[in-house]
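I opened this notebook to record what I looked up, entry by entry, in a structure new to me.

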Amino acid sequence: MLETPKAHIQGVAVEDIANEFGTPLFIYDSQVLADTFHGLSGVLPAGVDVLYSLKANPNISVCGFLGSQGAGAEVSSVTELVTALRAGVDPADIIFLGPGKSKADLEACVSAGIYAVVCESFAELQLLDEVAGTRGAARFPAVLRVNPSFHSKGSGLSMGGKPRQFGIDEQDVREAGPLLHSLQHVEVKGFHAYMGTRFLDHRDVVANTQSILVMVEDLAAKLGIDLSVVDFGGGLGVAYFENESDIDTAELGKSLQGPVEDFRARHPDCRVIMELGRFLTADAGTYVTRAAYVKESMGESFVVADGGTNHHMAAVGIGSFVKRNFPIVHLGRPGARPSHTYTVTGPLCTPNDTIVKKARLPEVRPGDLLGIERSGAYGPTASPGLFLSHGYPAEVLVHDGQVSLVRERDTPEDILSRQRLAVFQDAS
């Protein structure tokens, strides 16, 4: 009898990886990372810089690999900043975002000499001016995040054009001339606008970008700013679910050519930035979990696996009225025809720990490996890894056919090492 073909990544059997590093775990494929990055950057208009948003996957090796391919970094915490720097990203290619930056955050940015701090309030801009002064910085670069007066088109999650904690309302920016001219240690170099995330239609991204470019030109003229940088966000989506299609990057690049080239002709020295997280890493990751038990309950078949939503909260479908399944594959029989219907759960004591619901799969037996695909973004970084004290899983990167452990699995000692047992007086 011929052996059933099993799943491989760059020629390495997933089963061998799971046996070596244990389950559950995340596996990242560097070839997919490279293909995704260059597939997009190669069709974007000349002069558009791609920055990787670490919030999607802050693993230092993922960041380092994308940096080696030419990506800069968009960070939102001191730890993400340190991660990007240690991963080898040039400070001149790092921006720092976030609506609640502390003084310590701003001090770290100034000390590192990053490209710019994206300020999301006038109070933050003034605090940055104070910090830059105490650190001896001369004209430290800042970018204003603008909450546009227009609404986004086609976003799965709107981030601008509505009342939001992000950015400064466009009308308020228009009236900020006196404040900007009062700054002594900071220079506002340009503007940032991020309209939303999970865009799957290139026409929506183009329409939003066109509106942003018109807006920033108008603001720069109004405020007398020498426009040196504009960040038009990104937010490209990934087709996780049935009846969704990936964004057409070729058409996106083609459709952006005209607006971006016209803008750059008027502002040849202006840096144009596109920031992406989910789009760059999602397809490169697989969450691998092993079936512990297969059981029946009131006519429904369940696979209880050793990993669940404590590592992959995105698969729960939080915020969705209808549970939709991430793509799942039987890693022991990836080419076999589906013959059974299973609801796959993790080991947690909550009914919300459902990875996929009523998915069609080949027969699953205890010990079989299942893979949740397109899991390279918002896995551990957006999951309650300490729920029930299971801890975070191992993460590995496959590069040139070699497997590297890029995050060790949490142990009980790891989890308890940050805790302290109080001393209680004996009541007797």
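The entries below cover cysteines, nonpolar cores and aromatic rings.

**Basis.** I worked with a predicted model, in which local features need pLDDT of at least 70 and side-chain atom pairs count only at pLDDT 80 or more, while totals for chains, interfaces and linings use all residues. Residues are numbered from 1 along each chain as its sequence is written, and side-chain values use heavy atoms, with hydrogens and water left out.

**Cysteines.** I searched for disulfides, meaning pairs of cysteine sulfur atoms within 2.5 Å, and the structure holds zero. Cys63 is in no disulfide, and its nearest cysteine sulfur, in Cys109, is 15 Å away. I then looked up accessibility, where buried means under 20% relative accessible area, exposed over 50% and partly exposed in between, with a 1.4 Å probe and protein chains only. Cys63 has 2% relative accessibility and therefore counts as buried. For Cys270, the closest cysteine sulfur is that of Cys119, at 17 Å, which is too far for a bond. Cys270 is also at 2% relative accessibility and counts as buried.

**Nonpolar cores.** I took a core to be a set of buried Ala, Val, Leu, Ile, Met, Phe, Trp, Tyr and Cys residues joined through side-chain atoms within 4.5 Å. The largest one has 100 residues, and Phe191 and Val344 have the most contacts inside it. Helix α9 (residues 202–223) gives the most to this core, nine residues; helices (H or I, at least four residues) and strands (E, at least two) are DSSP runs numbered from the N terminus. Apart from this core lies another, of 16 residues, including Leu25 and Val398.

I also listed the contacts (heavy atoms within 4.5 Å) of Val344. Leaving aside residues up to four places away in sequence, Val344 touches several residues, among them Val303, Ile328 and Leu370.

**Aromatic rings.** Rings of Phe, Tyr and Trp (its six-membered ring) pair if their centres lie within 6.5 Å; planes under 30 degrees apart are stacked, over 60 edge-to-face, and the rest tilted. I found five aromatic pairs in the whole structure. Phe26 and Tyr287 have ring centres 4.7 Å apart and planes at 35°, so this pair is tilted. Phe26 lies in strand β3 (residues 25–29) and Tyr287 in strand β15 (residues 285–297), so the pair ties together parts 261 residues apart in sequence. Both Phe26 and Tyr287 are buried.

Phe241 and Phe326 form an edge-to-face pair, at 5.8 Å centre to centre and 75° between the planes. Phe241 and Phe326 are both buried.
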